[in-house]
Amino acid sequence: MEKLIYKGISYSPEDLKEDYRRFSKDIESHNDFISSYMLAQSLETYDHGYSRAGNRIYALHELLLTAKFSLYNSYKKIHDDLPDPNENYLPHLLRRSHYLKNAIIWYSSCQDYVLQIVSLSYDLHGVQLTSAEKYKEALKNCSYRRVTNKLSRIDSENSLELLRMIEEYGSDKDVEYLREELANNLKHHGNLKFKGIAVGNPGFYTEKDAQTGNTTYSSDWTESLIVDIDEVNELIKRVHNLLITHIREVLKFIDFEACIPTGEKKLIGEKRYWVTKEKHEYRKILC
């Protein structure tokens, strides 16, 4: 293949490499999360909540790597092991669509991990972590509604600031579309369809009321959402970068470094934390 004609634009192999490079460069790196993970793990002796939260930071880091891999491969216009795209682009489009479905699911899961980090850091889950079963129960208690309700009930300057961060990310229009339309259609409404692949339903039918002639059922009601792969690629890229900014803001607020004991009772930050020398004990305070 000398050139690819894609949506009316001609791409040479060099153009495609540069196109992929630009897209990859625009996806924010998150390797700095490893530092937060390592710091949180080092606090096991002083604060179990922070240490447990550190485990979720690493899990989130790995999930983001998987999500980025899927996003990048869904953006690639050509997959080298498939036939000449100028003769038959459908196999390439199908491959891209499967990667994109994966990216949608993985990115929609990332916010759950952020909520787990918050909940474990501040013991919002209300579970004594004494077994694997209890740990799983605690993670189940880290839902968006539970965490935001807990923070709103605390109703302090610090809890409301953390609540603002979570709600601001969750209510972003791109994040909402990813969660409510793309992910929900994949998980609950019978898949997604993509322009260039979508075909009509060969089993289409309607049911009508014999007296009124009104439609009482149409198989169209069950049809999947039809989206453009390239448009969704750009949307998820925006969500990725917004998510990285959100996670950094939350990690800065939690401030794992401030947990390191100084050997004396000390107020740190905006009275979010205190350390008692006598019990060598660390507590986090949102109220």
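Modeller: Tyr-50 belongs to helix α3; helices are DSSP runs of H or I with at least four residues, strands are E runs of at least two, and both are numbered from the N terminus. The model is predicted: local features need pLDDT of at least 70, side-chain atom pairs need pLDDT 80 or more, and totals for chains, interfaces and linings use all residues. Residues are numbered from 1 along each chain as its sequence is written, and side-chain values use heavy atoms, without hydrogens or water.

Tyr-50 counts as buried because its relative accessible area is 0% (buried is under 20%, exposed over 50%, partly exposed in between, with a 1.4 Å probe and protein chains only). A polar atom of its side chain lies 2.7 Å from the backbone oxygen of Ile-254.

Helix α2 (residues 33–41) packs against α3 (residues 48–75) at about 155°, with axes 7 Å apart. Axes are fitted to C-alpha atoms over the stretch in contact, and angles between N-to-C directions run from 0 to 180 degrees. The two helices are therefore roughly antiparallel (over 145 degrees; under 35 is roughly parallel, 65 to 115 roughly perpendicular, the rest oblique). The contact (heavy atoms within 4.5 Å) includes Phe-33 and Tyr-37 of α2, and Tyr-50 and Leu-64 of α3.

Now Asp-123. Its C-alpha is 9.3 Å from that of Tyr-50, across 73 residues of sequence. Asp-123 lies in the loop between α4 (90–121) and α5 (132–140). Its phi is positive, about 55°, although it is not a glycine. At 47% relative accessibility, Asp-123 is partly exposed.

Technical notes
A polar contact is a pair of N or O atoms within 3.5 Å; within protein, one must be able to donate a hydrogen and the other to accept it, and residues adjacent in sequence count only if both atoms are side-chain atoms.
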